[in-house]
Amino acid sequence: MSTTIFESLESNVRSYCRSWPAVFETARGSRLHAEDGQGYLDFFSGAGALNYGHNEPDLKRALIEYLAADGVVHSLDTYTTAKRRFLSAFEEHVLRPRGLDHKVQFTGPTGTNSVEAALKLARLNTGRTGVVAFTNAFHGMTLGSLSVTGNAMKRNGAGVPLPFVTTAPYDGYLEDPSWGFSWLARTWADSSSGMERPAAVIVETVQGEGGLNAARAEWLRELETLCRGHGVLLIVDDVQAGCGRTGTFFSFEEAGITPDIVCLSKSISGYGLPMALVLLRPELDVWQPGQHNGTFRGNNAAFVTGTAALEKYWADGGTFERSVVERGRLLSEGLARVAALVEGATCRGRGLLAGVHFPDPDLAKRIAGAAYERNLLVETSGPQSEVLKAMPALNIPPEELHEGLEILLDATRAVLAGRCSHASARVESRERMSSASGY
Ligand code: PMP
């Protein structure tokens with residue numbers, strides 16, 4: 001089947017299709033089907049935008065009913081019944097049970113737009129310009145988000161300086177963990193340090209693109225205490241790790257911290273429909289009306305599926321959360337078996353955002369290529385794409401989780417035995433040319 005139109009007309013910027021050149025047509029749950037009849041098991045989940053799988057039937061029904069009744073689809077930020085239902089469900093099933101009194105701001109419908117809004121809001125509130133971000137962070141591709149992103153190739157795409165950001169070591173970046181936040185604490189407290197107090201610190205609790213580094217709960221608590229002590233706002237970017245990925249709705253719940261600002265996107269609509277929001281402490285809501293606006297803040301189709309997802313999965317007294325934790329346990333057991341095949345390989349991540357770090361940076365890419373040959377979609381992560389990253393749907397049936405893990409084991413054994421065929425070598429060399437893994 002031809003891929004000519006993509007290759008001749010679509011920009012060179014395309015990336016995932018270089019590793020997975022199938023032309024996908026239909027999808028349901030954790031299975032996708034290509035136009036040539038091949039079926040694929042999905043351990044990728046739209047980079048975290050499909051936490052409940054493809055075309056989840058109850059979400060689809062709600063969407064079809066809404067469309068069939070001529071429900072308003074586009075509404076900027078005017079009031080709609082769909083938005084009212086979403087906000088009510090979000091308050092009832094997410095905010096209130098967690099004791100959060102944050103307000104909700106709908107931004108443009110991408111993760112990077114919610115990060116831009118969060119950075120602006122922190123600067124508006126504090127009157128300060130600086131922001132502290134962490135090594136290997138990924139926050140998006142627009143200029144503000146790129147300024148707090150680590151990866152040099154992505155930063156170089158900006159074409160302009162990316163100022164006003166200081167990078168600090170993420171948990172585990174330095175070999176000596178006792179280093180902690182002592183440098184930030186000293187410099188913020190010392191008016192002669194040359195480092196001004198920033199407006200905010202922005203952090204991912206698990207670095208989804210940066211190599212599945214998972215911060216320890218103590219580290220996050222220490223960061224919160226440090227920020228509070230110096231009047232610095234704490235932004236948690238939960239675009240990828242949120243919406244249940246790590247086993248709780250927000251990834252920071254395990255640490256027991258309360259960020260001032262939270263960024264959510266990807267799976268908040270539950271259906272892969274674009275939507276993003278920022279949660280902000282009420283006293284931070286200093287926006288002038290329209291000061292951060294955008295045409296697509298009222299994606300009612302996404303409100304409808306998002307409401308259905310909250311009502312189905314997050315109103316059940318914790319049953320779903322426990323099932324995610326259990327699947328996370330099964331995933332980490334399977335990944336440990338993969339890691340055991342390679343000396344020096346280690347498991348990374350948390351919940352259903354987990355993977356294997358290999359000492360040979362090429363191995364993860366080759367295993368992902370061999371998995372694709374075996375009809376499993378799995379991506380890589382990390383500065384050199386050295387981490388095999390498994391991100392199945394949160395509701396994947398255990399037998400499909402098992403099936404995917406067996407494919408990963410088989411793919412790893414095949415690569416180690418040098419049985420990597422021509423096709424995966426081709427995929428690999430295309431990836432190298434683009435030097436773009438994942439995001
Ligand atoms: N923040 C994090 C933590 C992400 O993982 C991503 C996307 N991978 C983004 C922000 C940007 O989201 P988007 O691609 O929707 O702009």
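Q: Where does T110 lie?
A: This is a predicted model. T110 lies in the loop that runs between β4 (103-106) and α6 (111-126).

Q: Is T110 buried, exposed or partly exposed?
A: T110 counts as partly exposed, because its relative accessibility is 38%.

Q: Leaving aside neighbours within four places in sequence, what is T110 in contact with?
A: With that exclusion, T110 is in contact with S265 and A276.

Q: How far apart are the C-alpha atoms of T110 and A276?
A: Their separation is 5.5 Å. Along the chain, T110 and A276 are 166 residues apart.

Q: And contacts in the protein chain in general: of those between residues at least 6 apart in sequence, what share joins residues at least 24 apart?
A: That share is 74%.

Q: Switching to cysteines. How many disulfides?
A: The count comes to zero.

Q: What about C263, then?
A: C263 is in no disulfide either. Its nearest cysteine sulfur is that of C243, at 12 Å.

Q: Are C227 and C263 buried or exposed?
A: C227 is buried, with a relative accessible area of 0%. C263 is buried too, also with a relative accessible area of 0%.

Q: How much of the protein chain is buried?
A: Buried residues make up 54% of the 439 residues.

Q: Overall shape next. What radius of gyration does the protein chain have, against a compact globule?
A: The protein chain has 21 Å. A compact globule of 439 residues would have a radius of gyration near 22 Å, so the value agrees with that.

Q: What box do the C-alpha atoms fill?
A: Taken along the principal axes, the box is roughly 60 × 60 × 45 Å.

Q: How many helices and strands are there?
A: The protein chain has 15 helices and 17 strands.

Q: Last one, charges. How many are positive, how many negative, and how far apart are their mean positions?
A: There are 42 positive and 50 negative charges in the protein chain. Their mean positions are 2 Å apart.

Terms used
Residues numbered from 1 in each chain as written. Predicted model: local features only at pLDDT ≥ 70, side-chain atom pairs only at ≥ 80, totals over all residues. Heavy atoms only, no water. Helix = DSSP H or I, 4+ residues; strand = E, 2+ residues; numbered from the N terminus. Rg over C-alpha atoms; globule rule 2.2 N^0.38 Å. Buried < 20%, exposed > 50% of the residue type's maximum accessible area, 1.4 Å probe, protein only. Contact = heavy atoms within 4.5 Å. Lys, Arg positive; Asp, Glu negative; His and termini not counted. Charge placed at Lys NZ, Arg CZ, Asp CG, Glu CD. Disulfide = S-S within 2.5 Å.
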